[in-house]
Amino acid sequence: MIRRYGVVIAAWCIWVSAASSGEEQKDASLKYKALQCPRPTVESTWAVLERDGANRKVDPYLSSLGQGESGTGTILSPAFVLDTDTIRFTICGHDGSSGGGGKNYIALVDARKGNVLFKTAPPSNDALQQKSWDVAAYKGTQVRVELCDGDAGTAFAWFGVGSVDAGTSLQVDFRKGIPENWSRPERAAEVRTEFVPGAVPFVRAVNAPSVIPAKGDVELPCGFSAKRVFLLGCTVANGRPLTRYGVVEIHYASGKVDIIDLIYGFTLEGPNKMLSPSKAMYLGRCPDPFQFVLAIAPEAEPIAMIRLASNPTRIPIPLITAVTCETAESNEHLLPLPKEQASEAETAWIESHTVTAKTPDRGMIEQELRKANKITVTERGTPLRFRRLQIDPAFRSEGVALADFNGDGKADIAAGNVYYTGPDWKMQPMFGTAQEFPRKGYSDAFLCFDDDVDHDGDVDLINVGFPGQKTHWLENPGSAGGQWTRHLAVETTGNESPDYVDLDKDGKRELVFMQGDRCALASPGKSPKDPWTIRVIAGAKDPGPGHGLGIGDVNNDGRADVLIPNGWWEQPASREALPWPFHAAEFFGGAQLCVFDFDGDGDQDVLGSSAHAYGIGWTEQTPEGWKTHMIDETDSQTHAIHLADMNGDGLMDFVTGKRYWAHNGHDIGEFEPAVLCWYEMTKANRQIAWIKHVIDGDSGVGLHFRIRDVNGDGRLDIVTSNKKGVFCFEQLPK
C-alpha cells in the first residue's frame, strides 16, 4: 500500500510484526529505531487565543482555532440552575463559507434530559458580536452551555466566544482563561501508522496531528542511550520568527535535564512552504515536503524519558509527528525500522546540523533570525552596543560575584563553586571538580557575594542557597593555592532576594534576609569560621517573608532602611535599638526593590519588577501616599533588577531581564526569550519615562547580577549567571 510522497503504511506493520517475532530482517536499519509514542487521542480544539482567523492580534477569547482551522471539538460548562431571564454572550467566527452549515454553534442544553433549548450559529464575522437568549421560561432548570465546532474544513470553519453572562450561576470572561470546571471531552483515536523512508526513517500515526496532545505535553519513556534523537514534523501554523512554541526536554537517569527550545525559524518551520532562507534554520527535508526533521544530540548517558511540551501561552501546538532514535540498544519502547536511505550529502547535513542543549550559540541564532526577518533588536535605536561573551554554557548558579579572587589585580567572575580568571576567563574549580546543576532544577547558589570574610587579605565568596536553606562562605586558599574551604554562615536563609551590604556604615557588611518569618541581619562574629551572629530587626507583629527585598534610605535621614513589597523597616539612630519601626506600604515588585528619587522631587521612590509574572513599575512617594506607575509589561520573570547610569547622562537607568526557567517550565511566559535589557531614563517637562533597549535575547538574568567596568575602559559592563550559563556583556565604544 503506497501513499503519496513515497510513504508506505501496511507493509511496515507486516515488517515490524515479522521482526518482533524473531524473524531476521536483512534490510533492517543498524542505526535507527522508532520510539513508541502513546496512543493518540482526539481532544477538543478549544483554547484561549489572542489572534483571529486571519492571524490578526485581538483581545483574548475562547477560540476553536487551537488545533488550526480544521480542528474540531466540544467544550462544556458545568451544570447550573438558571436564575435569570436573559443569557448574554459574545460570539464571532463562521459556520461554513456561506453560513448555515449547522456544525458550529453555541447551545444551551438541558443538563438532565440532554435536549437543546437554544442554539446560535456564529455571525460570519471575525469580530465578537453581542447575542442573547430569552430564557425566562426555563428559570429553575438545570442546564449547561455547550460550544461545538464540528466543521473540519480548512476555511470559515472556526468560531469563538468572548464571554457568557448567565446570571449569578454562571459568569465567564474568557480573557482570564478557561475555568477549570469546563470539560473538554477526548476520545481515543483509531491507530493507523505509516512508514516515512529517507536518510532517517520514521513511523508516524496517520490520524494524529501531533505527538504533543492538546493538553500541552507528553512523556515518552526511554531507558536507553542514543547518539541522536530525531523529530519529524517540526511545524507550527502561523508562526512568528523568534517565538518559542514549546520545548524538548531530555531527562537522564542521573536526574539531569537538557532543554531544547522549539523556536520558529530555528527548530520549527511553518507548514505548506519551503524552508526559510535563514542560515539559522536547523531543519532538514524528508520525503513528505510538508514536514521537516530536527536532529538532537543528547548526552552520552542513559535517557529516562523525553518530554515534549507546548508553550501554554502560545497556541498553536507544534506538530511533532514521530520520534526516531539513533541507538544500537533495544528495549520495549523501541521498534525496528527498515534500512535508511541516506546519501553522503544527507549524512553530512546531519553531522553539521545537530542541535544540543548548548550548541549552536542561541545568541548568534537569534541575531541571524532578526536579520533574516528584518526584526529590530530595540524599540528605539541602539544607543549602546555590547559584545556578548558566553564564558560558560553550564548552569553553575543564579547569582554571580565580581572581584579579584586570585590577587593578580584583574577582575574575576565567581559563580557557585567556580571562578573564572580575567581577562581570558579560564575556569578555576574551587573544590577540585566543577559542579554543574541540571537546568530543570536549582543550584545551591542563589546569590553570590564577595568579601574578605576572614580578613586575611584575599577575597572569599559567600553563597546564599535555596530559600530556606543554608548560606555558606567559601574560604579562599590565597597564594598557597589548593581547594577552597566551605564554612557555614547561616543555617536558614529566607527570601529570594537577600542582600549583603554595609547597613550602618561601620565598614562591615551584613547579610539582610528573612529568618523564618522575621527580617534579620547576619554578620561574622569574632571567629568568622563559626556560624554568624544574627540580629532580628522585625517586631513580633511585623509582616513575614515577602517575595522581594530592597535596601535604601526611604525617609532621607541618612540611614539605609530595609524594604519588602508591603512596607519598610526604618533603621534607628542607635545600632542597639531593636526592633526597627515598621511602616506599612505597597511597593510594586517581587525581586530587588531599588530606592532612588526618580522624579527629582526630593523624596525617595521605589523601583520593582515581577519575579514570576509580567511587569516592571515604580512606586512614587507623594504627600498623599505611595502611587504605582507601570513602566513595561512585555517580559515575565524579571527576577533581578539593578540601577546604573548606563549611558553616563546623569539620569538613573536600570538593567533587568528574564530569569530563564525560574520554576522549571511552570511560570507564565517561561517559553518566551530570555532577554537581557537596559531601560534608559528620560525626562521632559518634569515627566519621567524609560525606553527599553534589548541587549540580548538568549541569556537573561538569575536572581542577581553585576554592573561594573570589568575591563577598565570606563564603560559599564554586565555579568550574569543563570540556567543559560555565565555571561559577560562588554560595552563597546559608540
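These legends describe close-up views of a predicted model. Local features need pLDDT of at least 70 and side-chain atom pairs count only at pLDDT 80 or more, while totals for chains, interfaces and linings use all residues. Residues are numbered from 1 along each chain as its sequence is written, and side-chain values use heavy atoms, with hydrogens and water left out.

**View 1. An open four-stranded sheet with the order β49-β50-β51-β52.** Pairing is antiparallel. Strands are DSSP runs of E, at least two residues, numbered from the N terminus; two strands pair if DSSP finds at least two bridges between them. β49 (641-644) and β52 (687-696) are the edge strands, each with a single partner, so one side of each has no neighbour in the sheet. From one strand to the next, the twist averages 25 degrees; axes are lines fitted to C-alpha atoms, and angles run from 0 to 180 degrees between N-to-C directions. β51 (residues 676-684) pairs with β52 over nine bridges, in the antiparallel sense. M681 has W690 in β52 as its bridge partner.

**View 2. The aromatic pair of F598 and W690.** Rings of Phe, Tyr and Trp (its six-membered ring) pair if their centres lie within 6.5 Å; planes under 30 degrees apart count as stacked, over 60 as edge-to-face and the rest as tilted. The whole structure holds 27 aromatic pairs. Among them, Y442 and F446 form a tilted pair, 6.1 Å centre to centre with 40 degrees between the planes. The ring centres of F598 and W690 are 5.6 Å apart and their planes stand at 75 degrees, so this pair is edge-to-face. F598 lies in the loop between β45 (592-596) and β46 (605-609), and W690 in strand β52, so the contact ties together parts 92 residues apart in sequence. Buried means under 20% relative accessible area, exposed over 50%, and partly exposed in between (1.4 Å probe, protein chains only). F598 is buried at 0%. W690 is buried at 12%.

**View 3. Lysine charges over tyrosine rings at Y442 and Y105.** A charge sits over a ring if NZ of Lys or CZ of Arg is within 6 Å of the ring centre and within 35 degrees of the ring normal. K723 places its charged end over Y442, 4.9 Å from the ring centre. Y442 is partly exposed at 30% relative accessibility. Its tilted partner F446 is buried at 2%. K119 sits over the ring of Y105, its charged end 4.3 Å from the centre.

**View 4. The salt bridge of D288 and R204.** A salt bridge is a side-chain nitrogen of Lys or Arg within 4 Å of a carboxyl oxygen of Asp or Glu. The count by this rule is 30. In this one, the closest N and O atoms are 3.0 Å apart. D288 lies in the loop between β23 (284-285) and β24 (292-296), R204 in strand β18 (residues 202-205), 84 residues apart. D288 is buried at 6%. R204 is buried at 6%.

**View 5. Further salt bridges, including D504 with R575.** Their N to O distance is 2.9 Å. D504 is in the loop between β37 (485-501) and β38 (510-515), and R575 in the loop between β43 (567-569) and β44 (582-584), so parts 71 residues apart in sequence are tied together. D504 is partly exposed at 21%, and R575 is partly exposed at 38%. D392 and R396 form another salt bridge, with closest N and O atoms 2.8 Å apart. D217, E249, R307 and K440 are linked in a salt-bridge network.
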